[in-house]
Amino acid sequence: MQWLFDHTGKRYLDLFAGIVTVSVGHCHPKVTEAAKKQMERLWHTTNIYLHSPIHKYAEKLTSIMPGKLKVAFLTNSGSEANDLAMLMARLHTGNFDIISLRSGYHGASPYTLGITSHSSYKPGLANGFGCHTTMCPDVFRGIWGGSHCRDSPVQTMRTCSCSPGSCNAKDRYIEQLKDTLDTSTTRKLAAFIAEPIMGVGGAIQYPKNFLKEAYELIRERGGLCIADEVQTGFGRTGSHYWGFQTHDVMPDIVTMAKGIGNGFPMAAIVTTEEIADSFSKALYFNTFGGNPMACSVGSAVLDVIEEDGLQNNCALVGTHLLLELAKLRDKYEIVGDVRGKGLMIGVEMVKDKKTLQPLPADEMGLIWEECKDNGVLFGKGGLYNNTFRIKPPMCITKEDADFAIAVFEDALIKHKATISR
Ligand SMILES: Cc1ncc(COP(=O)(O)O)c(C=O)c1O
């Protein structure tokens, strides 16, 4: 479930879940049983033959999608899902330009490298024709941000004088998007892609209504809106099943991977019939996409999320974790920001709260190793790799959260003692 064991049998609380992938718990008995049962019956046919798991799964998945999002295409990885979404948007609109947010990660295939905006993943070869990035609306580290921009129990320590219902930071970041559209693209767009909360980018949350207004601008220029739910989907944000619902937007295409299979390699995109129909200009073939094993595992994952009340657990345990972490931010100079929603959490570490200089890699490593030695595994991310990422299996308990907080605080104390020596 939420525990991992090393070669000596020592137990670790897994707060990173194989990079936000083990959604319902390592070796969840119901998912394991579904995989075993399918393994004994049929492994593979390709989707050129009908088999009941693919139909059962597609029906189950589309039944939890809102509005006209009712057609599913199954792939094997998030990069493949985003590749397909990009191709589909270009075919459907007849346009080429695609916009993404700086600091975001959407995959490492030659196509998705264009929308991934993080130099560590750029190979230095030609990629990303027609792909453009716009300023990341990061209300902590970005140029603009205030005291109630985020949809989170914890706000930044910045102040602002925005009246209720208005957000200066949102307006400024939207101006940046307009500027990108006016200067870098043709008048007609194929798509805009964004995660509801940035994953690899370090759990960055945008100002409320940013996505809503961004979607309007993209649609005015003929583009489709793609929600990358690879990390935020399947109840992780707590208040909703899909991250885009927390922004009150309706995407044209939703891409998903990672938690969809609890560690089994599978992914999907869901779109409308109209968009799917325009894709008939080309055949879409994927040997393993929608294979019987993946579909049986995926079905069991959806059942478990429901039966084990995991979305609600994300809200309860996630909010508890966020509020406890915020107390550490108020107490320790190097804890710069605590943010997120549900069990999609980031803790951005800084040299000090005045300059916001990122905590250097060796100091991040010191804290990370100390936590690991004391039985808690964190993730790391963000443009400067200075954000601890907490995205555990969605079954962790409040007691686990308290254990993690205690271990993290001990590591902060040890760091302070080591650095001031
Ligand atoms: C938001 C997001 N989109 C897409 C991907 C790519 O998924 P994959 O590694 O399965 O190709 C990732 C992977 O980390 C991701 O975090």
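The exercises below, each with a worked solution, concern the predicted model shown above.

Residues are numbered from 1 along each chain as its sequence is written. Because the model is predicted, local features need pLDDT of at least 70 and side-chain atom pairs count only at pLDDT 80 or more, while totals for chains, interfaces and linings use all residues.

**Exercise 1. Describe the overall dimensions and fold content of the protein chain.**

Begin with the secondary structure, which comes to eleven helices and 14 strands, where helices (H or I, at least four residues) and strands (E, at least two) are DSSP runs numbered from the N terminus. Next, take the extent along the principal axes, where the C-alpha atoms fill a box of roughly 65 × 55 × 45 Å. Then compare the radius of gyration with the globule rule: a compact globule of 421 residues would have a value near 22 Å, and the 21 Å of the protein chain agrees with this. Here the radius is taken over C-alpha atoms, and the rule is 2.2 Å times the number of residues to the power 0.38. Finally, 52% of the 421 residues count as buried, a residue being buried if 20 or more other C-beta atoms, placed from the backbone, lie within 10 Å of its own, exposed if 12 or fewer, and partly exposed in between.

**Exercise 2. Work out how the two domains meet.**

The protein chain is divided into domain 1 (3-24 + 309-419) and domain 2 (29-307), with bounds that come from an automatic or database domain assignment. Their C-alpha centres lie 25 Å apart. Across the boundary, 35 residues of domain 1 are in contact with 36 residues of domain 2, contact meaning that the C-beta atoms, placed from the backbone, lie within 7 Å. On the domain 1 side that touches domain 2, α9 gives the most, with nine residues. By class, that side has 16 nonpolar, twelve polar and seven charged residues; Ala, Val, Leu, Ile, Met, Phe, Trp, Tyr, Cys and Pro count as nonpolar, Asp, Glu, Lys and Arg as charged, and the others, Gly among them, as polar.

**Exercise 3. Characterise the largest nonpolar core and one of its residues.**

A nonpolar core is a set of buried Ala, Val, Leu, Ile, Met, Phe, Trp, Tyr and Cys residues joined through C-beta atoms within 7 Å. The largest one has 115 residues, and those with the most contacts inside it are Ala89, Ala191, Ile226 and Ala268. Helix α8 (residues 292-307) gives the most to this core, with eight residues, and the core draws at least three residues from each of domain 1 and domain 2.

**Exercise 4. Describe the surroundings of the ligand.**

The shell holds 15 residues, the closest being Ser77, Gly78, Ser79, Gly107 and Val230. Helix α4 (residues 78-93) supplies the largest share, three residues. By class, the shell has five nonpolar, eight polar and two charged residues.

Conventions:
Near = placed C-beta within 6 Å. Contact = placed C-beta atoms within 7 Å.
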